Amino acid sequence: MIEMKAADMKKMMAAVVEAVEKKYPGVKATVKTKEWEKGAYHRLYINLVCTAEVNGEEMTEKADFGFINLKSNRYNVKDGYDMRHVDADDLAEAKALYEYAEAYKAAESDKKLYAAKENYRHTVRLSEEEQVKGVSRKEMLDKSVELGILPSSFDTYWAAVGEVEVHEEKEETTKGEEEGEEIGSYDDGRHSVTIKLAKGRYIVEDNGEETLDEGKNRDDGIYEAAMYLYDRLAEDGKTIKVEDDEARAYIIECAAGMKVKIVKNDDGTIKKDK
C-alpha cells in the first residue's frame, strides 16, 4: 500500500479530471467519494463519474480509483485505476462515452442495414427476423450500448447485411448474463452473494440487491464478491460459505495479509477465530 492523504488525492484526481476532459471533448468528469466506517475500518472510496450526452440523452459511466484508509493514510487499489499513473487514453469509461457519442452522430448518414456475425445473434439479442432483414445503424448502436459493446469492437459482432451468413444457431445463454452466479453465502445461506453481468460489468448482489462493488470482467467480479464476503466475516463476525475456489483463495490470502485468523467448520463454512 502507498502512503496518501485525502488532500493528496484531491490534487491528483483534479489532474485526472483535466486530462480526461481535454482528451474526450463532450465528456464531463467529476470526482465522487464515499466515506465508510465500521469497527476498526475507516475508508474513503474514490470514483470518477464520467458523463456525456449520447444520442440526446445523458449517459454516465463510473471508474473505480480504489480507496484511502483514513486511519493509516494508505492508498489501496487492486483492479481499479491508480490515480498516480493513470493516462486518459487508458480510461475505458470516458473513452466509451466519447466513442458512443461520436458513433451516434455518424449513424445519421449511414443507410446500411446490419446483422450479427456468425454465432453472435443471441449475444447481441437479435430476433430471427432482424437477423434476416437487418437493423439500422442506430438500432445496432442501441443494442451495443445496452450490452456494453464498444464501437471499437463492432467488427467482432456486426456486419452489413449481405456480408454475413444467416443460419440457424443453437440457443445458448452466456453464463452469468441472465442469472446471478453464486460466489458464496452467509447467515446459514439466508444471504446469497452473486455476480451478474449487466451492461458489460460484473456487479455484486446480496440477495438480488446491488452492492457498491463491481468488476470489469468475471475475474474482477469474483474478487469483488470475495472481498464483500470477507468483510462480512472479518467486520461483521459472520460465518460464510464460499462456493467458488478462486474466491476462497482471495479470502484466505486477504485474511493472512490482515493477520485475521479464520477457522474452517466441519460443514465447509469458515469464520473468524475469536
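## Exercises on charged residues and a pocket

K105 counts as exposed, with a relative accessibility of 52%; exposed means over 50% relative accessible area, buried under 20% and partly exposed in between (1.4 Å probe, protein chains only). The model is predicted, so local features need pLDDT of at least 70 and side-chain atom pairs pLDDT 80 or more, while totals for chains, interfaces and linings use all residues. Residues are numbered from 1 along each chain as its sequence is written, and side-chain values use heavy atoms, without hydrogens and water.

**Exercise 1.** Describe the salt bridge between K105 and E102 and place its partners.

*Solution.* 
1. The side chains of K105 and E102 meet at 3.3 Å, N to O; a salt bridge needs a side-chain nitrogen of Lys or Arg within 4 Å of a carboxyl oxygen of Asp or Glu.
2. Both residues lie in helix 2 (residues 92–107), three residues apart, about one turn of the helix; helices (H or I, at least four residues) and strands (E, at least two) are DSSP runs numbered from the N terminus.
3. E102 is partly exposed, at 33% relative accessibility.

**Exercise 2.** Characterise the lining of the largest pocket.

*Solution.* 
1. A pocket is an open set of points on a 1 Å grid over the protein atoms alone, with protein on both sides within 12 Å along at least five of seven lines; lining residues have an atom within 4 Å of a point.
2. The lining comprises 41 residues, with R43, Y45, F67, D213 and E224 nearest the centre.
3. Helix 6 supplies the largest share, seven residues.
4. By class there are 16 nonpolar, eight polar and 17 charged residues; Ala, Val, Leu, Ile, Met, Phe, Trp, Tyr, Cys and Pro count as nonpolar, Asp, Glu, Lys and Arg as charged, and the others, Gly among them, as polar.

Conventions: 1 Å grid on protein atoms, 1.4 Å probe; cavity = no way out; pocket = protein on both sides within 12 Å on 5 of 7 lines; lining within 4 Å.
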